[in-house]
Amino acid sequence: MTEGALGPFSHSLVAFCKGIFMAEIKTDLVSKIQESVHFLRQKWPFSPKLGIVLGSGLSELAQVLEKPQTLPYSSIPHFPVSTVEGHAGNLIVGHYASHPIVFLQGRFHYYEGYDLQECTFPIRVLGVYGIKTLVLTNAAGGIRGDLEPGDLVLIRDHINLLSQNPLRGKNLETFGPRFPDMSEPYSSALRKLAWDSALECQLSLKEGVYLATSGPCYETKAEIQMMKTLGADLVGMSTVPETIVARHMSIPVLGISLVTNKAAGLSPHALSHEEVMLTSQQTKKKFLTFLHQLLPRLLNRPLSTS
């Protein structure tokens, strides 16, 4: 017998059962987050003030830490595993000027087959672990005319073209509201600190709007023209879901893109992941110098600053 043949009551019953199912999924997610955090606190009983996610080819930036301790994602309960070249797949804890910091050496992407709750699971864990600030780095294609490979760009805002949202489903009231405000997803106060840091080390810094697609294929020329019309300056396949989840938990976010290539139609050659990795390597020294100026400002800022 079909659902429709059962009459109106069946629709209410189906909706009720779906609601119970989604609630169970969310409860299970909270339990998994708590188990992961418990595991980390057993090893490191302090709460890191700062969490940093390292994007494609940027894993070596974790060398700024003093006495780093490394855990493969595969050893942490319920963590996904990175499958992309340039994403080492480690959680690293260490100190910078006596402040505890946690690095995620690689992230998870929608195109790998993970859903967005899985992609953002580590951000939830870091939030419960105690971070007060989140820095998200990524490799991105430059759309705006003045963006060149090797440029560092602060993300001012984003456009979500992933067709999904990590907050879909029953809301996790423990972490944040059903309808979180996204009028300033990337903290202007943190961007000011980044500008001050760039000035201190005489680094040319830019700012722009990041657009996220699902990937894994690079964009077509027509799609890049559409994105340009929409107001995007950069394009990539990450960061936005992590930002949404962090803001849901009221964690201020600083986003930094490394332009690794000109977007489709703006470059004289075909796009490749090898180009992304090469540019990341060539820019490592500049990025490290910037981090050494930025970290003290982030770690010593008043926690009340958004």
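Buried means under 20% relative accessible area. That cut-off is applied below to a predicted model.

View 1. The structure holds five aromatic pairs. In one of them, tyrosine 73 and phenylalanine 108 form a tilted pair. Their ring centres are 5.2 Å apart, with 50° between the planes. Tyrosine 73 sits in the loop between strand 2 (66-72) and strand 3 (90-96). Phenylalanine 108 sits in the loop between strand 4 (99-105) and helix 2 (116-119). The pair therefore ties together parts that are 35 residues apart in sequence.

**View 2. Phenylalanine 108 also pairs with tyrosine 114.** This aromatic pair is edge-to-face. The centre-to-centre distance is 5.8 Å, and the planes stand at 80°. Tyrosine 114 has a relative accessible area of 17%, so tyrosine 114 is buried.

**View 3. Ring pairs build a cluster.** Which residues do ring pairs link into a cluster? The members are Tyr73, Phe79, Phe108, Tyr114 and Phe121. Tyr73 and Phe108 contribute the tilted pair. Phe108 and Tyr114 contribute the edge-to-face pair.

**View 4. A salt bridge links helix 6 to a loop.** The structure holds ten salt bridges. In one of them, the side chains of glutamate 242 and arginine 107 meet, at 2.8 Å from N to O. Glutamate 242 belongs to helix 6 (residues 240-248). Arginine 107 belongs to the loop between strand 4 and helix 2. The two residues are 135 residues apart, and their pair links distant parts of the chain. Arginine 107 has 2% relative accessibility and counts as buried.

View 5. Arginine 191 forms a salt bridge with glutamate 207. The closest N and O atoms are 3.4 Å apart. Arginine 191 lies in helix 4 (residues 188-200), while glutamate 207 lies in strand 7 (residues 205-212). The partners are 16 residues apart, and the pair links distant parts of the chain. Arginine 191 is buried, with a relative accessible area of 12%. Glutamate 207 is buried at 18%.

View 6. Arginine 144 counts as partly exposed, at 24% relative accessibility. Aspartate 146 also counts as partly exposed, at 37%.

**View 7. Three residues make a nonpolar surface patch.** Leu161, Met226 and Leu230 make this patch. Its area is about 260 Å². Methionine 226 has its place in helix 5 (residues 221-230). At 41% relative accessibility, methionine 226 counts as partly exposed.

Terms used: Residues are numbered from 1 along each chain as its sequence is written. This is a predicted model: local features need pLDDT of at least 70, side-chain atom pairs count only at pLDDT 80 or more; totals for chains, interfaces and linings use all residues. Side-chain values use heavy atoms; hydrogens and water are left out. Rings of Phe, Tyr and Trp (its six-membered ring) pair if their centres lie within 6.5 Å; planes under 30 degrees apart count as stacked, over 60 as edge-to-face and the rest as tilted. Helices (H or I, at least four residues) and strands (E, at least two) are DSSP runs, numbered from the N terminus. Buried means under 20% relative accessible area, exposed over 50%, partly exposed in between (1.4 Å probe, protein chains only). Patches are made of residues with over 30% relative accessible area and no salt bridge: like charges are joined within 9 Å, nonpolar side chains (Val, Leu, Ile, Met, Phe, Trp, Tyr) within 5 Å. Accessible areas come from the Shrake-Rupley method with a 1.4 Å probe; for residues, only the protein chains shown count as cover. A salt bridge is a side-chain nitrogen of Lys or Arg within 4 Å of a carboxyl oxygen of Asp or Glu.
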